[in-house]
Amino acid sequence: MAYYRQVGQIPPKRHTQFRTGGGALYYEELIGEEGFSSDSSLLYHRHIPSAIREAATWEPGDLSLSPNHPLIPRHLLLPALFAGDEWKSIDVVTGRRLVLGNDDVRISYVVAGAESPLYRNAIGDECVYVESGAGLVETVFGALPVREGDYVVLPRATTHRWLPESGKPLCAYVIEANSHIAPPKRYLSRFGQLLEHAPYCERDLHGPAEPLLSEQTDVEVLVKHRGPNGIAGTRYLVPHHPFDVVGWDGCLYPYTFNISDFEPITGRVHQPPPVHQVFEGNKFVICNFVPRKVDYHPLSVPVPYYHSNVDSDEVMFYCGGDYEARKGTGIGQGSISLHPGGHAHGPQPGAVERSLGKEFFDELAVMVDTFRPLQLGEGGIACDDGVYVGSWSRANS
């Protein structure tokens, strides 16, 4: 993470005796990245954090993938994956439906209203975009209130659970990495501070403010982890609730960042996608397109030029406003467009002409660009409109 935080009670010196008022020792746990060579935090537990009573296999859903073959662009209608009131009994963890994925990143979608089980992802970090709804994410570091437009960044192996606001669906776009997710390196000083040219700063990042303590015993925790044939799951029964941390400090912790705090970078002529970048992982990036003043050269063309994704697949999740370049395709709130590497794509017929003279775009989208081909999950196959591939061949409208 970009900066140091201290929450709750900690001893004045790390790796030294730290006792309760009754004289018992607290148990120190280091959560760190890259084998003690990168960011970490020290947590102080009331109970031994590695204690397990029972362990059993857990199936983390249908994570099968099918090639995008023949190679075509696709329009996926995510709201079609969850019908009626079924969201009331679905939770953010076990109710996810895999839309797209490869060996570096998996993208899922869920509409949920139920409390999730305790869960940790031992494969990589998670970045969850809250499309709509609100609630609370309780973590071993403390609680994070979440609202519409929040990115919720959860470091690998962070035990947590989702509690949606009662009576309202929480729509979540889940980006799971096989690596860590962080601000782009070009935004950071060599010591990790966000620089002046970055489109957001530390004031926009919100971590837990106080410890979260539970006295519950015999608690189940679901863990997603690497297995002999890919991704596997284990269900643990632990003797004490993981939320027994009286304090912690360090530079690794969950946090939220709201998309409304992203300050768009604009220019006289059309700016390339990297100006919209918000996070990066191993072999993928996350960008967002927010409402903004657009190009102000007198002869500018505000919508994107046609471009070939030679090295990447582009996934655009449309989550608000009116996306100028895709009018006339049926794309709207909750849609995904997939433009695979090897396919030249750009504005739909008529979009260039309609954009001329525009001074402001009222659009909201989250984009994931991957540097290895994406395949279709069962959710992506189920909500493919089947006709988007021909949208550039239709008459101008």
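Leu 25 counts as partly exposed, because its relative accessibility is 39% (buried means under 20% relative accessible area, exposed over 50%, and partly exposed in between, with a 1.4 Å probe and protein chains only). The model is predicted, so that local features need pLDDT of at least 70 and side-chain atom pairs count only at pLDDT 80 or more, whereas totals for chains, interfaces and linings use all residues. Residues are numbered from 1 along each chain as its sequence is written, and side-chain values use heavy atoms, with hydrogens and water left out.

Leu 25 lies in the loop between β1 and β2, where strands (E, at least two residues) are DSSP runs numbered from the N terminus. When neighbours within four places in sequence are set aside, Leu 25 is in contact (heavy atoms within 4.5 Å) with Gln 17, Phe 18 and Arg 19. The C-alpha atoms of Leu 25 and Leu 194, which are 169 residues apart along the chain, are separated by 37 Å.

An open sheet is formed by 4 strands in the order β1-β18-β3-β2, with antiparallel pairing (two strands pair if DSSP finds at least two bridges between them). Because β1 (5-8) and β2 (27-32) stand at the edges with a single partner strand each, one side of each is left without a neighbour in the sheet. Strand β2 is joined to β3 (residues 40-45) by 6 bridges in the antiparallel sense, and Leu 30 stands opposite Leu 42 in β3.

Elsewhere, β10 (residues 135-139) and β11 (residues 142-146) pair antiparallel over 5 bridges, forming a hairpin with 2 residues between them; Gly 135 has Val 146 in β11 as its bridge partner.
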